[in-house]
Amino acid sequence: MPRLSLAGLIAALGLAACADASPVPTAPTTAGEAARSAATGVAAERTTAAARWNVLTRAIIARRGGSSNAAARLFALVSVAQYNAVIAAEAARARGEHPSEAGAAAAAAATVLAARYASEQAVVQAQLAADAAYFATLPSERDADFAAGTAVGRSVAAAVLAHAATDGSDAVWTGTIPLGPGFWTSTPPTAPPQEPRWGEIRPWLLSSADQFRPPPPPAFGSPEFLAALAEVRSLSDTRTPEQLRIAQFWASGYGAGGPAGYFGSVAVELSTQRHLDERKAARLLAVMHMAIMDASIGCYEAKYLYWYIRPHQADAAITIPVNRPNFPAYPSAHSCLSAAAVGVLAAFFPSDADALRAMVEEAGVSRLYAGLHFRFDVTAGQELGYAIAELALRLAPNGHRPIPLD
């Protein structure tokens with residue numbers, strides 16, 4: 001496929017209004033709109049279980065809520081379970097058995113989602129039944145046993161859930177917020193910071209949460225700090241309607257699940273267009289979502305090491321037209337997660353790399369338009385995210401090997 005321009009990628013993804021959230025501001029026709037079509041329904045043309053259940057995961061998150069970090073963790077668990085289930089089904093077929101790889105991927109996702117959201121059991125079971133009927137119509141499934149595949153998927157998912165139970169995501173914070181010039185402050189002051197121990201969760205790929213830790217941000221009050229603050233103040237004072245729309249889109253308008261949900265939709269659209277088979281689609285989603293999850297871990301490890309002030313806390317005249325995140329500024333989480341996602345996607349779809357990276361740039365600058373970040377927050381986040389994407393591409397299993405759960 002020839003390289004697409006940013007506008008070309010938007011057109012190729014078949015844009016429609018995002019239906020998985022309440023009405024949101026519409027961004028201009030820019031990078032910010034490139035995945036809005038994959039929102040809630042599981043479209044019939046999505047010919048892999050990996051794609052269908054990624055879409056359903058986002059729809060459930062839209063109904064049930066939660067932080068962007070929690071969404072990143074869930075997407076990683078679902079996609080790793082699916083990929084490992086496909087590999088297990090392939091191994092069984094090599095032994096002369098006939099489990100459906102689609103059935104294995106579907107049941108793996110269903111098991112993880114049902115464990116996470118007991119109230120979604122009926123939805124999950126209905127989708128599993130719909131998948132059984134749908135995949136039975138495909139020529140590629142003619143000699144496959146969907147029920148046997150579901151048994152494989154449930155067994156693999158049980159191992160992934162056992163792994164998740166000990167990842168440290170339930171740790172309780174008992175610390176205190178540091179005080180003094182240059183430190184971030186909670187809003188309101190008595191509110192606990194959001195997920196201050198996220199950086200302690202066991203990663204999928206990183207050797208440690210600080211493996212790609214960004215260097216310290218500029219000292220509070222330094223010339224570099226003051227120049228960056230002046231840039232944000234100038235943007236706040238002169239914010240254009242287009243900049244406002246971009247700020248609002250990347251704050252909430254891209255739909256449920258934060259960057260993991262948004263770029264999952266991009267991955268689903270591209271994998272469907274390129275007709276990736278079950279294993280390739282599952283691998284794409286697993287590698288990308290592991291990178292996003294590890295980027296969230298590395299990002300929050302740094303956030304709560306530096307406790308860095310946000311621009312509007314340094315200059316009260318800076319206006320904020322979006323919700324104010326209740327955690328420190330440096331590095332920017334939007335940039336950490338979006339760069340991790342796009343670093344993987346660009347490697348899988350190199351003809352679209354320029355347009356994909358433009359999304360990262362727009363997501364980053366949107367936080368300056370919103371008055372929430374300094375430019376060095378964004379740069380540090382992008383560098384961290386791209387470094388983790390490279391790690392994911394280097395370490396993620398290829399061929400017919402499962403993702404290890406040790």
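The chain has 14 helices and zero strands; helices (H or I, at least four residues) and strands (E, at least two) are DSSP runs, numbered from the N terminus. This is a predicted model, where local features need pLDDT of at least 70, side-chain atom pairs count only at pLDDT 80 or more, and totals for chains, interfaces and linings use all residues. Residues are numbered from 1 along each chain as its sequence is written, and side-chain values use heavy atoms, with hydrogens and water left out.

Visitor: What percentage of the 406 residues in the chain is buried?

Guide: Buried means under 20% relative accessible area, exposed over 50%, and partly exposed in between, with a 1.4 Å probe and protein chains only. The chain has 406 residues. Of these, the buried share is 58%.

Visitor: Among contacts with a separation of 6 or more, what share comes from residues 24 or more positions apart?

Guide: Contact means heavy atoms within 4.5 Å. Take the contacts in the chain with a separation of 6 or more. Residues 24 or more positions apart account for 81%.

Visitor: At what angle do the axes of α10 and α14 cross?

Guide: Two packed helices are described by the angle between their axes and the distance between the axes. Axes are lines fitted to C-alpha atoms, for helices over the stretch in contact, and angles run from 0 to 180 degrees between N-to-C directions. Helix α10 covers residues 278-306 and helix α14 covers residues 375-395. Their axes come within 9 Å and cross at roughly 140°.

Visitor: Why is α10 called oblique to α14?

Guide: Angles under 35 degrees count as roughly parallel, over 145 as roughly antiparallel, 65 to 115 as roughly perpendicular and the rest as oblique. The axes of α10 and α14 cross at roughly 140°. That angle makes α10, relative to α14, oblique.

Visitor: Which hand does the crossing of α10 and α14 have?

Guide: A crossing is left-handed if the near helix is turned anticlockwise from the far one by less than a right angle, and right-handed if clockwise. The crossing of α10 past α14 is right-handed.

Visitor: Which residues of α14 does α10 meet?

Guide: From α10 come Val287, Ala291, Asp294, Ala295, Gly298 and Cys299. By class, the contact has nine nonpolar, one polar and one charged residues. Here Ala, Val, Leu, Ile, Met, Phe, Trp, Tyr, Cys and Pro count as nonpolar, Asp, Glu, Lys and Arg as charged, and the others, Gly among them, as polar. The α14 residues are Leu384, Ile388, Ala389, Ala392 and Leu393.

Visitor: What is the hand of the crossing of α3 and α10?

Guide: Helix α3 spans residues 68-94. It packs with α10 at about 145°, and the axes are 8 Å apart. The crossing of α3 and α10 is left-handed.

Visitor: How many nonpolar residues are in the contact of α3 with α10?

Guide: The α3 side includes Phe75, Val80, Tyr83 and Ile87. The α10 side includes Leu285, Met290, Ile292 and Tyr300. By class there are five polar and five charged residues, and the nonpolar count is 14.

Visitor: How many disulfides does the structure hold?

Guide: A disulfide is a pair of cysteine sulfur atoms within 2.5 Å. Cys299 is buried at 0% relative accessibility. Cys336 is buried too, with a relative accessible area of 0%. The number of disulfides is zero.

Visitor: Which residues does Ser335 touch?

Guide: Ser335 is in helix α12, residues 333-348. Its relative accessible area is 0%, so Ser335 is buried. Not counting residues up to four places away in sequence, Ser335 touches Gly364, Val378, Gly381 and Gln382.

Visitor: How far apart in space are Leu179 and Trp307?

Guide: Leu179 sits in the loop between α6 (146-164) and α7 (223-237). Leu179 is exposed, at 75% relative accessible area. Leu179 and Trp307 are 128 residues apart in sequence. C-alpha to C-alpha, they are 9.5 Å apart.

Visitor: Where does Pro188 lie?

Guide: A cis peptide bond joins Thr187 and Pro188, with omega about -5°. Pro188 lies in the loop between α6 and α7.

Visitor: Is His275 buried or exposed?

Guide: His275 lies in the loop between α9 (258-273) and α10. Phi of His275 is near 55°, a positive value in a residue other than glycine. With a relative accessible area of 69%, His275 is exposed.
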